[in-house]
Amino acid sequence: MLLAICWLLPWVLCARLAGSQESPYFVTYDHYLEEPGNLEVEYFSTFGTQGTGNDFHAYWIEFEYGVKAWYTTELYLDGQTTFGDSTIFTGFRWESRIRPLQREHFLNPVLYFEYEQISEADKILKEVEGHDVAQDHAAPDALTRQTVNHELEFKLILSKTFNGWNIAINPLATKSLLPSVPWEFGYATGVSRPLALKASAQSCNLCRENFIAGLEMYGGLGDTQNPGLHDTSHYLAPVVAWNVPSGWTLRLSPGFGLNDSSHRLLLRWGVSHEFAGFGDAVGRLFGRRP
Amino acid sequence: MKDHGTCAGWRILFSSAALLLVLAANVLLGFTQSRNNAVAQTDAAPRHSYAELEKVPESARGGRNPLESDPTAAAAGGKLYQHYCAVCHGNTADGGRKGPSLRAPEVRAATPGMLFWILTNGVVRRGMPVWSRIPEPQRWQIVSYLKSLD
């Protein structure tokens with residue numbers, strides 16, 4: 001890890017800080033991709049209460065890079081601490097988002113593909129699918145970490161921004177690479193809006209236009225063997241993001257379980273920083289003339 | 001880590017290596033594109049970079065800037081420009097490695113509606129993202145700033 005940091009640090013220092021109006025969502029995706037050549041480094045936490053078993057603090061770090069204006073890729077590294085149990089690394093995910101249409105339309109689709117190699121001890125709840133329920137997280141880490149799942153996940157991201165309001169809907173399907181495991185389904189949906197639509201002429205950190213508030217809802221929809229809403233969990237979560245002009249974004253979201261199969265509380269927070277021109281900085285390392 | 005510490009350590013090391021490989025591959029892919037763009041900016045930027053303005057639909061060209069008479073619009077737009085646009089088009093809008101100059105005659109001749117449309121829809125194939133995530137009044141503020149440039 002130290003080696004990785006040593007490699008990345010000069011690139012990061014050479015890159016320019018960028019401001020961007022980041023979405024406040026934790027689970028839902030809108031149709032906006034990372035700007036080409038920019039790298040966004042994000043850290044997110046989820047504190048979850050557990051009815052049976054110990055509460056937990058799960059976290060992930062995310063590296064999001066804009067390869068093209070129509071293609072963004074991300075790498076996630078997940079971990080978690082279960083209180084009274086252990087702290088463990090739970091796996092990684094690699095996702096790609098592709099924008100098939102060149103212009104804005106009434107509804108803007110983005111295709112999402114992800115490969116994940118995560119153990120059953122993973123608790124970040126980046127998405128909820130199939131018959132995921134809170135009781136799944138009650139087993140000791142020593143047991144759950146022994147099973148590592150290899151899964152492919154597909155999402156259709158549909159999103160629209162109108163009069164400052166963003167509305168996003170993400171149906172999802174997940175398939176384990178084990179043939180015996182059925183397809184699992186889920187959803188995430190969100191709505192958000194900046195607190196002010198016009199920008200002030202002065203530079204300011206606490207201007208209303210720097211804050212975006214919204215609401216998201218997500219949950220499982222069963223699987224191909226047992227379709228339906230029985231034994232599924234669902235969450236409703238207010239979200240707020242503060243886009244600081246220096247390029248930092250802070251996010252906060254208290255999520256509430258909507259049924260007995262859900263965690264009662266999922267408190268999420270996150271911090272991210274965008275580095276513009278990261279690709280160019282790396283290019284210069286490979287000898288490209290400025 | 002209480003259990004399997006060594007195993008977890010290897011996983012972290014493996015993941016870090018994977019991260020570096022993935023980033024390197026993607027950055028190089030993007031690098032190739034931006035090098036091509038840079039060549040294009042140097043050799044042929046003047047004409048083909050502005051061709052997108054001609055593709056703006058007729059219905060959008062006549063769009064009037066609702067903030068035309070707002071005396072603070074250009075100043076606010078300048079702030080937004082530095083925030084969102086300067087990294088590609090340069091701090092003074094004279095053009096950068098990726099984006100063409102926004103002080104060119106083609107841009108000065110464009111109507112506010114055309115600039116607003118380009119800002120909203122981007123030029124995705126040429127590397128300019130859609131900026132509809134910026135609220136509409138702020139996009140008009142950026143247009144006000146661009147029209148205020150000499």
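Visitor: Which residues of α4(B) are buried?
Guide: In α4(B), the buried residues are A73(B), A74(B), A76(B), G77(B), G78(B), K79(B), L80(B), Y81(B), H83(B) and Y84(B), where buried means that 20 or more other C-beta atoms, placed from the backbone, lie within 10 Å of the residue's own, while 12 or fewer makes it exposed and anything in between partly exposed. Helices here are DSSP runs of H or I with at least four residues and strands are runs of E with at least two, both numbered from the N terminus. This is a predicted model, in which local features need pLDDT of at least 70 and side-chain atom pairs count only at pLDDT 80 or more, whereas totals for chains, interfaces and linings use all residues. Residues are numbered from 1 along each chain as its sequence is written, and chains are lettered from A and ligands numbered from 1 in the order in which they are written.

Visitor: Why is α4(B) described as largely enclosed?
Guide: Because 10 of its 12 residues are buried, α4(B) is largely enclosed by the rest of the structure, and what covers those buried residues includes α5 and α8 of chain B.

Visitor: OK, and what else is in chain B?
Guide: Chain B has 8 helices and 0 strands, and buried residues make up 43% of its 150 residues.

Visitor: Which residues touch the most other members of the largest nonpolar core?
Guide: Of its 38 residues, those are Y81(B), L115(B), I142(B) and L146(B), a nonpolar core being a set of buried Ala, Val, Leu, Ile, Met, Phe, Trp, Tyr and Cys residues joined through C-beta atoms within 7 Å. At least two residues of this core come from each of β3 (56–68), β13 (265–276) and α3 (278–285) in chain A, and likewise from each of α4 (73–84), α5 (86–89), α7 (112–121) and α8 (136–148) in chain B.

Visitor: Where is L146(B) found, and what does it touch?
Guide: L146(B) is found in helix α8 of chain B, and it counts as buried because it has 24 C-beta neighbours inside 10 Å. Not counting residues up to four places away in sequence, L146(B) touches L102(B), V107(B) and L115(B), a contact being two C-beta atoms, placed from the backbone, within 7 Å.
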